[in-house]
Amino acid sequence: GKLRMKNPFQSLWNKLRRFFLFRRLVLSFFALSLICVLFICGVLFMIFENSTKRELEYMATPKLDRTNSAVTQTVSSLIPVMNHVLSLSYTETFFYGSQLNRINEQNVLIRLRQLQNSYDQIHNISLINFNNERFLGTQGVATGYVPEILSGEEPELGTAYGMRYYKRETPRNINIDHTAAEAVITFIYTPKGLYSHGAVIIDVKMSYLEQVLHVNTEEDWGKVLFVNRSGQVIAGDGEAVTPEELREILHQEPGSYVEQLGGQKSFIPFTESDTPDCFVVLALPYKRLLPFAASLRQGPTCAVLLL
């Protein structure tokens, strides 16, 4: 018989075709395997994410309650101080006096300093008589001195227990120029009836409120905020946080949400405070929820894209 000569090019082509077919099968197998791994990792990530959210929400509830209770106690503790100041006979004499009475003012100052020393959160206690514009308090005595909060220059943050409150910085001593200023929350009570032409002013140390917020949230939650209904931060680290962001969050029912806050996605549980028209807000950057579980999803995704 005749010998048939093999075509070397045909043989090479067949070998190459089998090689590329085998390569395609191998790559398809690896791609399918990675897609399956990616799917499983995505499911695991969602499970871990949801369970972490539930756990954080469970952990946040007592923290919110403790913080709310501590802040409310700080604010409500001013009520007996106001009542005590108004019950003093020296206060009545000061409010009704049209002329200076140094002896009575000295007696008032002694009582005010005693009250101030009894409460760690109080920075100043002052009285003002609108009839003669006499200002008398632990930060100084003056005639014609009207704090900017009474002249309408400072925006009011809200009203609690009949007291208007403001956020401001006040000098340690109004009688000495260029004294160091203290950040405070100022509560003003304007009595009705007999004392309607006077006011009691109490400055609460901002540093004390900041300490109350952080002591009751031992773990690092990123931000712990005490805010009013308008989204204004009363106390806490409000840097980069806008009132618009907070208002959008606070318009929802109290609970836990994932929202943008301060330029980053955050896990935000909040509750309505017992202090009227106020809220306690916790904010944890979302990227810190599952720092390791996120790699479960990112690693396989990069591998599939490379293939």
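A nonpolar surface patch is made of residues with over 30% relative accessible area and no salt bridge, with nonpolar side chains joined within 5 Å. In this predicted model, such a patch of about 550 Å² is formed by F39, I40, V43, L44, I47 and F48. One of these residues, F39, belongs to helix 1, which spans residues 8-76. Because exposed means over 50% relative accessible area, F39 counts as exposed at 61%.

A second topic is the packing of helices. Two packed helices are described by the angle between their axes and the distance between the axes. Helix 3 (residues 89-96) and helix 4 (residues 102-118) have axes that come within 9 Å and cross at roughly 130°. Helix 3 is therefore oblique to helix 4. The crossing of helix 3 and helix 4 is left-handed.

A third topic is the backbone. Most residues other than glycine have a negative phi. E133, although not a glycine, has a positive phi of about 55°. D277 is likewise a residue other than glycine, and its phi is positive, near 60°. The table sets out where each residue lies and its accessibility.

| Residue and phi | Loop | Relative accessible area |
|---|---|---|
| E133, about 55° | between strand 1 (122-129) and strand 2 (134-137) | E133: 38% |

Technical notes. Residues numbered from 1 in each chain as written. Predicted model: local features only at pLDDT ≥ 70, side-chain atom pairs only at ≥ 80, totals over all residues. Heavy atoms only, no water. Helix = DSSP H or I, 4+ residues; strand = E, 2+ residues; numbered from the N terminus. Buried < 20%, exposed > 50% of the residue type's maximum accessible area, 1.4 Å probe, protein only. Patch = residues over 30% accessible without salt bridge, like charges linked within 9 Å, V, L, I, M, F, W, Y side chains within 5 Å. Areas by Shrake-Rupley, 256 points an atom, 1.4 Å probe, with all protein chains shown as cover. Salt bridge = Lys/Arg side-chain N within 4 Å of Asp/Glu carboxyl O. Axes fitted to C-alpha atoms, helices over the stretch in contact; angles between N-to-C directions. Parallel < 35°, antiparallel > 145°, perpendicular 65-115°, else oblique. Left-handed = near helix turned anticlockwise from the far one by under 90°.
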